[in-house]
Amino acid sequence: MRPSVYFYLTFGLGLCLSLLCVLFVSCWNTKWRGGFSWNGSALESNWHAVLMVCGLAVMYGNAAIVFRIPFTWKQNKYTLKLVHAGLMLSALFLSVLGMCAIFDYHKGLQIPHMYSLHSWVGICAIVLFAFQWVLGLIGFILPCSPRWFRSCLKPVHIWLGKVILMLSLASCISGINEKLHEGPDDAYTLLPMEAVFANVLGILIMIFMMVVYGILSKKQWMRPEMDDASIPLLSESRT
């Protein structure tokens, strides 16, 4: 089997898992958690779950592998960087919006902020994500960035991206577990249908992250370095 065919099968699997993750988290919070609202009630916390899964997991994971898609290799690299940055910014926006939802929900019910391991891991993921995006903007998008800085930054950028991926997975899994334990103490241990459904969601997110990590780790699927002139020079950007 040719590597490109193998890639597209893996990439297609990732897209299917993405859709399933979004579908499952939306159905879970609609069917068993009462739907959505932005009024400080428990329904606002449901937005947190959906936005975090969509932003910090699904959109982030798909944006991370943009450079691995073979049909994009013939496109202008700087344009592809803008697409990558735009998708990442959208994922960051959804994640921050999800954080706003849970903070507003806690404020309305006078629940303490940042008390659980889930919240610590989640905030670490978002802070690192924001730092990574700003660093990428300075190093790979702005025309004033020197080439030696881009060369030094690239392995750090790739490594940080994988760290954020792992933190996102930990945050999503711990968040699902925490949300399931919000009811009576013995409800989750009886494994009702909601628990089964939410556990499956966690497994889907885990498999999706494994697929993304596998795509990022396979050197044969890295974009060939055809040239280094992927960022217009400052003098060129003014003409």
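Predicted model: local features only at pLDDT ≥ 70, side-chain atom pairs only at ≥ 80, totals over all residues.
Rolling a probe the size of a water molecule over the atoms shows where empty space is left. The largest pocket takes up about 730 Å³. It has 30 lining residues, and Phe 67, His 84, Phe 140, His 157 and Ile 158 sit closest to its centre. Helices H2 (42–64), H3 (77–109), H4 (117–141) and H5 (147–180) each give two or more residues to that lining.

The second largest pocket holds about 490 Å³. Its lining counts 29 residues, with His 48, Ile 102, His 118, Gly 175 and Glu 178 nearest the centre. Here helix H1 (3–31) joins H2, H3, H4 and H5 as an element giving two or more residues. H5 supplies the largest share, 6 residues.

By class, the two linings look like this:

Now for the backbone. Most residues other than glycine have a negative phi. Which way does Met 114 go, positive or negative? Its phi is positive, at about 55°, although it is not a glycine. Met 114 is in the loop between H3 and H4, and it counts as partly exposed because its relative accessibility is 29%.

Leu 191 also isn't a glycine, and its phi is positive too, near 55°. You'll find Leu 191 in the loop between H5 and helix H6 (193–217). Its relative accessibility is 47%, so Leu 191 counts as partly exposed.

Conventions. Residues numbered from 1 in each chain as written. Heavy atoms only, no water. 1 Å grid on protein atoms, 1.4 Å probe; cavity = no way out; pocket = protein on both sides within 12 Å on 5 of 7 lines; lining within 4 Å. Points joined across faces, edges and corners; volume = space filled by probe spheres on them. Helix = DSSP H or I, 4+ residues; strand = E, 2+ residues; numbered from the N terminus. Buried < 20%, exposed > 50% of the residue type's maximum accessible area, 1.4 Å probe, protein only.
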